[in-house]
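This briefing goes through helix packing, the sheet and the pocket of one protein model. The sequence and structure come first, and the notes follow by topic.

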Amino acid sequence: MLELLEGRRIVVCAGSGGVGKTTTAAAIAMGMAERGLKVAVVTIDPAKRLADSLGLVELGNEPRRVDGPFEGELWALMLDSKRTFDALIERLAPDEATRDEVLSNRIYQQLSSAVAGSQEFTAIAKLYELDQEGDYDLLVLDTPPSRNALDFLDAPGRLAGFFQGRAIKMFLRPAGLGGRILGRGTGVVFGLMERLTGVDLLHDLSVFFRALGGMIDGFTERARRVGALLEDPGTTFLIVTAPRHDPAEEAIFFHRKLRAAAMPFGGLVVNRMHVVPAMDGAGPLPSELGEDLAGRVATTAHEIAALAEGEAATVERLRAELGDPPIIVVPELAGDVHDVQGLALMREYLF
Ligand SMILES: Nc1ncnc2c1ncn2[C@@H]1O[C@H](COP(=O)(O)OP(=O)(O)OP(=O)(O)O)[C@@H](O)[C@H]1O
Ligand SMILES: [Mg+2]
């Protein structure tokens, strides 16, 4: 791990859903804090108990310091997508009036929850913000539990595409709103809606697009820089995977995309490996077990052995497909990793 992180200021833990990205990210941050660095880990939807044990009880979009016997400092934050998106608007708005107009706009509130809900963009945006502030030696980014880890790589481009896209331009054309939406029929519909709901949707729409219009270039540029951060030589991607077929295939695919996008791949973390139980040489099972229980113990041992063999084959496939990358193996631990002790155990294997 230390070799993989040498000279990096950002490490991104990516991989398919449920493989251990969040716990790996937190354990890496802990390990580096122990080695004297000031580290911040940006977590996304951590399991509640893990969040509790890191002191991430309240939603706060700024890192909070985690107490512990660290030579350096460990800071952790739980990503708040909506707040990150709002902060971006605040930064890009040309003046306070525009800022308030956008933030209080109902269309914006709907749109921002939708965009923020996807988490992919806001995670990188937050990372960019922390990197710019330059308060930390190392930033560790956990990534969202997307069905497809690639959504994450595409996010900045997709958002930039949205702002450059035709839909939004149509609204922004001077005659756009008046001409198209205020066609007679539509005007009647909006008027009726306003009377029924008390919401002046048309007014909201026009205010929103007018205010946002001035920010499009800023947004596009920001999305571009946020995307560029992922290609930065100071960044490295660790692909986290489980030694099973589906996550491994996704890891292979993700690795290909990383290379195609010229993003820096550091290595592979294979999490939750089963170890072949030592059956030979263990001697016969104690007779107190009785025939029935002893039989079941033996069956289970054989099943685990078969599982472990299959997993080892998966790791070999990964090794071949990814071009013999650095691989760190973390075994299946006896219990969930939900507290600082659990993280410490995981950290032992990672480092
Ligand atoms: N090596 C391990 N041994 C045992 N349990 C583990 C191990 N690694 C992770 N876990 C457990 O597996 C669960 C999933 O881990 P984690 O939340 O880190 O995955 P994730 O990839 O972040 O998931 P998501 O995609 O939903 O965000 C957690 O309950 C965690 O405690
Ligand atoms: Mg997670």
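In this predicted model, α2 packs against helix α16, residues 340-350, at an angle of about 80° and with the two axes 8 Å apart. Because angles of 65 to 115 degrees count as roughly perpendicular, α2 is roughly perpendicular to α16.

**Packing of α2 on α16**

- On the α2 side, the contact is made by Thr23, Thr24, Ala26, Ala27, Ile28, Met30, Gly31 and Glu34.
- On the α16 side, Val340, Leu343, Ala344, Met346, Arg347 and Leu350 take part.
- Nine residues of the contact between α2 and α16 are nonpolar, three are polar and two are charged.

**Packing of α7 on α13**

- Helix α7 (residues 120-133) and helix α13 (residues 216-229) have their axes 9 Å apart and pack at an angle of about 80°.
- α7 and α13 are therefore roughly perpendicular to each other.
- From α7, the residues Phe121, Ile124, Ala125, Leu127, Tyr128 and Asp131 meet Arg222, Ala223, Arg225, Val226 and Leu229 of α13.
- This contact of α7 with α13 holds eight nonpolar residues, no polar ones and three charged ones.

**Packing of α14 on α15**

- The axes of α14 and helix α15 (residues 290-321) lie 10 Å apart, and the two helices pack at an angle of about 10°.
- Angles under 35 degrees count as roughly parallel, so α14 and α15 are roughly parallel to each other.
- α14 contributes Ala248, Glu249, Ala251, Ile252, His255 and Arg256 to the contact, while α15 contributes Thr314, Arg317, Leu318 and Glu321.
- By class, the residues of the contact of α14 with α15 are four nonpolar, two polar and four charged.

**The sheet**

- Eight strands form an open sheet in the order β3-β4-β2-β5-β1-β6-β7-β8, and the pairing is mixed.
- β3 (64-66) and β8 are the edge strands, each pairing on one side only.
- From one strand to the next, the twist averages 25°.
- Strands β1 (residues 10-14) and β6 (residues 235-241) run parallel and are joined by five bridges.
- Val12 stands opposite Phe237 of β6.
- Helix α14, spanning residues 245-260, packs on the sheet and touches β1, β6 and β7.
- The direction of α14 makes about 160° with that of β6.

**The largest pocket**

- The largest pocket holds about 500 Å³ of space.
- Its lining consists of 27 residues, and those nearest the centre of the pocket are Gly18, Gly20, Thr23, Arg272 and Val337.
- Thr23 is also part of the contact of α2 with α16.
- At least two lining residues each come from α2 (21-34), α3 (48-53), β7 (265-273) and β8 (327-331).
- α2 supplies the largest share of the lining, three residues.
- In the lining of the largest pocket, twelve residues are nonpolar, eight are polar and seven are charged.

Key: Residues numbered from 1 in each chain as written. Chains lettered and ligands numbered in written order. Predicted model: local features only at pLDDT ≥ 70, side-chain atom pairs only at ≥ 80, totals over all residues. Heavy atoms only, no water. 1 Å grid on protein atoms, 1.4 Å probe; cavity = no way out; pocket = protein on both sides within 12 Å on 5 of 7 lines; lining within 4 Å. Points joined across faces, edges and corners; volume = space filled by probe spheres on them. Helix = DSSP H or I, 4+ residues; strand = E, 2+ residues; numbered from the N terminus. Nonpolar A, V, L, I, M, F, W, Y, C, P; charged D, E, K, R; others polar. Pairing = 2+ DSSP bridges. Axes fitted to C-alpha atoms, helices over the stretch in contact; angles between N-to-C directions. Contact = heavy atoms within 4.5 Å. Parallel < 35°, antiparallel > 145°, perpendicular 65-115°, else oblique.
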